[in-house]
Amino acid sequence: MEDDTSVSAIVGLATADDMVRAGEIVGGQLVAGDVLVLTGPLGAGKTTFARGLGAALGVRGPVTSPTFVLARTHPSLAGGPDLVHVDAYRLGHPAELDDLGLDLAASVTVVEWGRDAVPLVTDRWLEITIDRSTASFPAAPAAERPRSEGPPDDDADDEPLDPRRLTLGVHGAWDRPVGESLGSALRTEFGAPAA
């Protein structure tokens, strides 16, 4: 498959509150049918980001890691789309994501550890890559970044304790300028990361 990824923003996040705020910014612009992949090592802040996203969507919570249930649906309390939060780590094969019977068209779907699985179920998605240190990796497309390995831990991804670098990647063709809009909103809130 040809990689049609474009990086729309790279920002530095100093605290767990910043991670939640980044999730709120992204969640505020997502609509039913949007799919978001969260990529990063254990403890990077993927679930913390998803909490902010859920808050922006106005869903029933709390938004916690779906590690042991694979997928958790958070119904909207605000008349918007539901949030479907998936942890693809425990899938035996990336193609098993399709076997979960997710209604991608009617919800906002967030897939942790879904880099290999999501391209099998949709032709367009966003990817948030979270690196543990703003100095750990050069600014590069997410596909060129080292991939983290290891089993997820339900509590390990709760709170980022040191600075993070968040990269927003856009895959596929969109019917709206989602990359430009989200990239601008993230840069306005957080600026560029320290080198």
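## Getting your bearings

Helices here are DSSP runs of H or I with at least four residues, strands are E runs of at least two, and both are numbered from the N terminus. You are looking at a predicted model, where local features need pLDDT of at least 70, side-chain atom pairs count only at pLDDT 80 or more, and totals for chains, interfaces and linings use all residues. Residues are numbered from 1 along each chain as its sequence is written, and side-chain values use heavy atoms, leaving out hydrogens and water.

The chain has four helices and seven strands. Starting at the N terminus, their order is β-α-β-α-β-β-α-β-β-β-α. Of its 195 residues, 49% count as buried, that is, under 20% relative accessible area with a 1.4 Å probe and protein chains only (over 50% is exposed, in between is partly exposed).

## Helix α1

Helix α1 covers residues 16-27. Its 12 residues reach 16 Å from first C-alpha to last, close to the expected 16 Å; the expected span is 1.5 Å times one less than the number of residues.

Which residues of α1 are buried? They are Ala16, Met19, Ala22, Gly23, Ile25, Val26 and Gly27. These buried residues pack against β1 (6-13), β2 (35-39), α2 (46-57), β6 (125-131), β7 (164-171) and α4 (178-190).

## Helix α2

Helix α2 also has 12 residues, and reaches 17 Å, close to the 16 Å expected. This helix is mostly covered, with nine of the 12 residues buried; among them are Phe49, Ala50, Leu53 and Leu57. The cover over its buried residues includes α1, β2, β4, β5, β6 and β7. Just after α2 comes glycine 58, which takes a positive phi of about 70 degrees.

## Rings to look for

There is one aromatic pair, counted when ring centres of Phe, Tyr or Trp (its six-membered ring) lie within 6.5 Å; planes under 30 degrees apart are stacked, over 60 edge-to-face and the rest tilted. Tyrosine 89 and tryptophan 113 make this edge-to-face pair, 5.1 Å centre to centre and with 65 degrees between the planes. Tyrosine 89 sits in the loop between β4 (82-87) and α3 (96-99), and tryptophan 113 in the loop between β5 (107-112) and β6, 24 residues apart. Tyrosine 89 counts as partly exposed because its relative accessibility is 29%, whereas tryptophan 113, at 12%, is buried.

Conventions. Contact = heavy atoms within 4.5 Å.
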